[in-house]
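Biologist: Could you walk me through this one slowly, as I am still new to reading structures?

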Amino acid sequence: MGTSGIHAHTGAPWPSDVFLSLLDRPLHDELWKIGRRRAHRAGDRIAAQWAQPDSVTVVLSGYVKTVREARAGSRPMMVAFAGPGELLGAEAHWASTPRHASHVSSKDGDALVVGRDEFRAFLESTAALRALTGTFARRTILRDATLAFANHKVSIRLLAFLARMEALYGERTDRGVLLDLGLSCDDVSSAIGASAPAVTKALKELKDDGVLVIHRKKVVISKNLRGVLDQACAAEAEADED
């Protein structure tokens with residue numbers, strides 16, 4: 001696919017399986033025509049849980065957390081994470097229900113906001129609808145992969161989370177793979193269903209073992225995380241058999 005439409009406005013290609021990469025050239029241009037560009041800063045709330053859906057959002061740059069409260073006032077849990085090219089808010093739009101979660105920016109960036117009626121008309125295209133279906137399928141697969149580690153100990157859940165973020169959003173550098181996603185320890189702990197002290201301890205162990213170099217809200221991965229994860233799972237399985 002050539003660079004055009006939204007690609008031309010951002011100057012960067014998209015990962016191969018996100019919403020924007022599933023649209024052909026004319027649909028890119030159409031989406032840009034019906035949307036409005038909006039900048040967001042780290043910490044900005046792009047959409048609120050329980051609000052009526054009046055639009056969908058396509059991330060152009062930066063990163064966005066999807067967080068959900070079990071009930072009003074409870075500790076929010078990070079249930080998903082989105083980077084450039086990804087679509088937000090489509091579930092509530094499709095189901096015609098209030099938003100099931102909030103979207104909060106974790107890094108400065110910008111997005112394309114498309115109104116509800118305009119997006120509904122956009123989906124009259126079979127190709128656009130197919131791209132939306134692909135987006136839902138990808139999201140389900142990623143969520144199932146996350147849940148598969150739910151019964152493992154905190155250190156393994158953390159490794160699985162970091163390995164997934166590395167595969168999706170890692171940037172290769174001469175010192176290792178950089179994860180500069182704007183996530184705090186509280187964000188990570190909520191994403192893997194653990195306490196912040198437990199995640200802090202597990203991160204320190206990975207740092208001491210030379211797996212990670214930790215900076216404020218970013219890490220550099222120095223070793224093969226998949227290999228470290230496989231070894232940790234094998235050790236846990238052996239311990240369970242004893």
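Modeller: We can begin with the whole chain and then turn to some of its parts, keeping in mind that this is a predicted model.

Biologist: Switching topic, how many aromatic pairs does the structure hold?

Modeller: There are four aromatic pairs. One of them joins Tyr63 and Phe81, which are stacked, with 5.6 Å from centre to centre and 15 degrees between the planes.

Biologist: Where do Tyr63 and Phe81 lie?

Modeller: Tyr63 is in the loop between β3 (55-61) and β4 (64-68), while Phe81 is in strand β5 (residues 77-82), so their pair ties together parts that are 18 residues apart in sequence. Tyr63 is buried, with a relative accessible area of 12%, and Phe81 is buried too, at 9%.

Biologist: What about Tyr63 and Tyr169, are those rings stacked or edge-to-face?

Modeller: The Tyr63 and Tyr169 pair is edge-to-face, because the planes stand at 75 degrees, with the ring centres 5.5 Å apart. Tyr169 belongs to helix α6 (residues 154-169) and Tyr63 to the loop between β3 and β4, so this pair ties together parts that are 106 residues apart in sequence. Both tyrosines, Tyr63 and Tyr169, are buried, and together with Phe81 they form one aromatic cluster.

Biologist: Which residues is Asp180 in contact with, leaving aside its neighbours within four places in sequence?

Modeller: With those neighbours left aside, Asp180 is in contact with Tyr63, Lys107, Lys217 and Lys218. Asp180 sits in the loop between β10 (176-179) and α7, and it is partly exposed, with a relative accessible area of 21%. Between Asp180 and Tyr169 there are 8.5 Å in space, C-alpha to C-alpha, and the two are 11 residues apart in sequence.

Biologist: You mentioned α6 and α7, so how do those two pack?

Modeller: Two packed helices are described by the angle between their axes and the distance between the axes. For α6 and helix α7 (residues 185-192), the angle is about 105 degrees and the axes are 10 Å apart. Angles of 65 to 115 degrees count as roughly perpendicular, and α6 and α7 are therefore roughly perpendicular to each other.

Biologist: Which residues make that contact?

Modeller: On the α6 side they are Val154, Arg157, Leu158 and Phe161, and on the α7 side they are Val188, Ala191 and Ile192. Sorted by class, this contact has six nonpolar residues, no polar ones and one charged residue.

Biologist: Last one, is Thr135 buried or exposed?

Modeller: Thr135 is buried, with a relative accessible area of 6%. Thr135 lies in helix α5 (residues 126-147), and, not counting residues up to four places away in sequence, it touches Phe19, Leu22 and Leu87.

Terms used
Residues numbered from 1 in each chain as written. Predicted model: local features only at pLDDT ≥ 70, side-chain atom pairs only at ≥ 80, totals over all residues. Heavy atoms only, no water. Phe/Tyr/Trp six-rings, centres within 6.5 Å; stacked < 30°, edge-to-face > 60°. Helix = DSSP H or I, 4+ residues; strand = E, 2+ residues; numbered from the N terminus. Buried < 20%, exposed > 50% of the residue type's maximum accessible area, 1.4 Å probe, protein only. Axes fitted to C-alpha atoms, helices over the stretch in contact; angles between N-to-C directions. Parallel < 35°, antiparallel > 145°, perpendicular 65-115°, else oblique. Contact = heavy atoms within 4.5 Å. Nonpolar A, V, L, I, M, F, W, Y, C, P; charged D, E, K, R; others polar.
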